[in-house]
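Subject: Structure handover and notes

Dear colleague,

I am passing on the structure we talked about, so that you can look at it alongside my notes. Please open it first and keep it on the screen while you read.

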Amino acid sequence: MAGGGQVQPMMIKGAQITKRQEYFAFGLVTSLFFLWGFSYGLLDVLNKHFQTFFHITKLQSTGLQVAYFGAYLVYSPVAGQFISKFGYKNGIFMGLFLYAAGALGFWPSAKFEKFGGFVGCSFIIASGLATLEVCANSYVTVLGPPENAAFRLNFAQSFNGLAAFVGPLIASKYFFTGANQTSLTSVQYVYLAVAGLGAAVAVLFFFATLPEISEADMAAQQEACGVVDERPLWKRWHCTLGFVSQFMYVGAQVTVASFVLNYLTDKNEYTAARASQLFSFMQLTFMLARFASTPLLRIFNPALLLTIYGLMTFIFTMVAAFTGGHAGLASLYIVFFFESIIYPTTFTLATADLGHYTKRGAGLLCIGVGGGAAFPPAQGAMADKTGTEKSYIIPAIGFLTVAIYGAGMYVYTSRKARTALDNLEAPTLHKTVSDKSLKVVAEKEENPVY
């Protein structure tokens with residue numbers, strides 16, 4: 001991607017991060033994306049499994065999604081404040097502890113066959129994941145040149161897609177075959193392994209040296225690029241509107257996935273096991289699409305891609321809602337393809353140029369994940385009344401919001417790029433953004449550096 005000036009290296013506590021430190025930290029933090037992708041992939045399959053085992057309605061089964069994504073709504077602000085005070089590494093430890101503790105809680109919930117226990121444990125798991133997501137998303141975004149932030153985050157989140165593909169594949173074998181269809185024993189052992197995975201990653205982080213990037217470091221990097229924004233976080237419209245878009249998108253993404261198995265099995269076109277396999281292939285499509293689409297972010301304006309991908313998800317969700325059968329199945333595959341880069345691209349656009357507010361902005365964007373708690377009950381209620389196919393109108397609304405935000409950000413970033421280009425022709429510039437206006441003040445340097 002073409003840039004308008006020299007990229008300033010990230011500094012940590014007075015020392016520049018080496019490339020080796022940067023790559024090692026990036027690789028280790030990327031492992032966190034696998035954790036919540038795996039957990040999320042299992043969640044949607046449990047939805048269908050619990051409908052069968054506990055004899056509950058589609059609406060009731062969405063209690064899992066409400067608890068899981070409601071935790072993001074409740075706990076993300078706590079996580080944002082925690083890492084602002086204690087740093088990324090301590091935040092990661094807190095997240096991994098909650099993740100493992102919640103997964104262990106699935107064992108007694110299965111033993112005593114309590115759906116409420118699963119709901120509560122899902123909340124604890126998601127509280128840990130919300131913490132990890134605030135840490136990992138913002139850390140990957142600031143760990144390196146700002147103009148490559150969207151590329152880095154999309155690449156790291158591709159491993160989220162890999163794990164989301166593995167989850168349903170495991171579930172199709174252990175949740176929907178033989179005696180497991182009417183038993184919770186397999187759920188106990190799968191989540192015991194999930195807890196073990198979280199503990200293993202915690203051990204790796206304990207022995208690793210993870211460069212800490214403070215709020216002062218991020219503010220210094222922003223100032224080095226020539227922009228000082230004095231507005232409070234709530235007046236950074238690209239961030240606050242990004243939160244709205246993220247809320248609507250995650251709600252749409254989650255509810256699309258939550259009812260895939262019902263979409264495929266309601267008319268007895270597929271067995272639950274086969275539907276779970278097809279859902280796994282949809283997650284594989286999502287993962288491959290993210291790997292394939294990520295390089296495009298180096299070529300095209302990320303906001304333009306966000307607009308196109310948001311529009312395509314809207315169109316084909318509507319096709320799925322009004323067709324069904326093989327056409328509906330094909331449409332869902334296309335929806336999963338174009339969902340691929342929406343979340344991380346929205347995140348990087350919304351948290352760009354926040355300076356010392358970067359960690360708090362990341363927390364706000366992760367609160368947007370709480371949309372996953374709002375949409376499934378709405379679609380579940382509609383599905384119980386009109387059928388699963390027509391209920392896919394609900395997520396289409398969320399995807400349309402993404403396209404609108406992307407279009408707005410395309411205009412915003414294009415104007416910003418033109419302004420930066422104009423400023424290159426002027427003397428050394430220092431831009432100050434106040435609450436009322438944008439002031440450009442020319443400064444004369446005694447010792448200019450070229």
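Predicted model: local features only at pLDDT ≥ 70, side-chain atom pairs only at ≥ 80, totals over all residues.

Cysteines

A disulfide is a covalent bond between the sulfur atoms of two cysteines. The structure holds 0 disulfides. Cys135, for instance, is in no disulfide, and the nearest cysteine sulfur, which belongs to Cys366, is 9.0 Å away, whereas a disulfide would need the two sulfur atoms to be within 2.5 Å. Cys135 counts as buried, because its relative accessibility is 1% and the cut-off for buried is under 20%. Cys239 is likewise buried, since its relative accessible area is 0%.

Helix 6 and helix 15

If you now turn to helix 6, which covers residues 115-142, and helix 15, which covers residues 342-351, you will find that their axes come within 11 Å and cross at roughly 70 degrees. Helix 6 is therefore roughly perpendicular to helix 15, as angles from 65 to 115 degrees are counted in that way. The crossing of these two helices is right-handed. On the side of helix 6, the residues that meet the partner are Glu133, Asn137, Ser138 and Thr141, and on the side of helix 15 they are Tyr343, Phe347, Thr348 and Thr351. Sorted by class, this contact of helix 6 with helix 15 has 5 polar, 2 nonpolar and 1 charged residues.

Helix 12 and helix 14

Another pair to look at is helix 12 (residues 272-293) with helix 14 (residues 325-339), which pack at an angle of about 35 degrees with their axes 7 Å apart. Here, too, the crossing is right-handed. Helix 12 contributes Leu278, Phe279, Phe281, Met282, Gln283, Thr285, Phe286 and Ala289 to the contact, while helix 14 contributes Leu329, Leu332, Tyr333, Phe336, Phe337 and Glu339. The residues of this contact of helix 12 with helix 14 divide into 11 nonpolar, 2 polar and 1 charged.

A serine in helix 10

Which residues does Ser245 touch, not counting those up to four places away in sequence? Ser245 lies in helix 10, which spans residues 237-258, and with that exclusion Ser245 touches Thr346, Thr401, Val402 and Tyr405. Ser245 counts as buried, because its relative accessibility is 1%.

Methods. Residues numbered from 1 in each chain as written. Heavy atoms only, no water. Buried < 20%, exposed > 50% of the residue type's maximum accessible area, 1.4 Å probe, protein only. Axes fitted to C-alpha atoms, helices over the stretch in contact; angles between N-to-C directions. Helix = DSSP H or I, 4+ residues; strand = E, 2+ residues; numbered from the N terminus. Parallel < 35°, antiparallel > 145°, perpendicular 65-115°, else oblique. Left-handed = near helix turned anticlockwise from the far one by under 90°. Contact = heavy atoms within 4.5 Å. Nonpolar A, V, L, I, M, F, W, Y, C, P; charged D, E, K, R; others polar.
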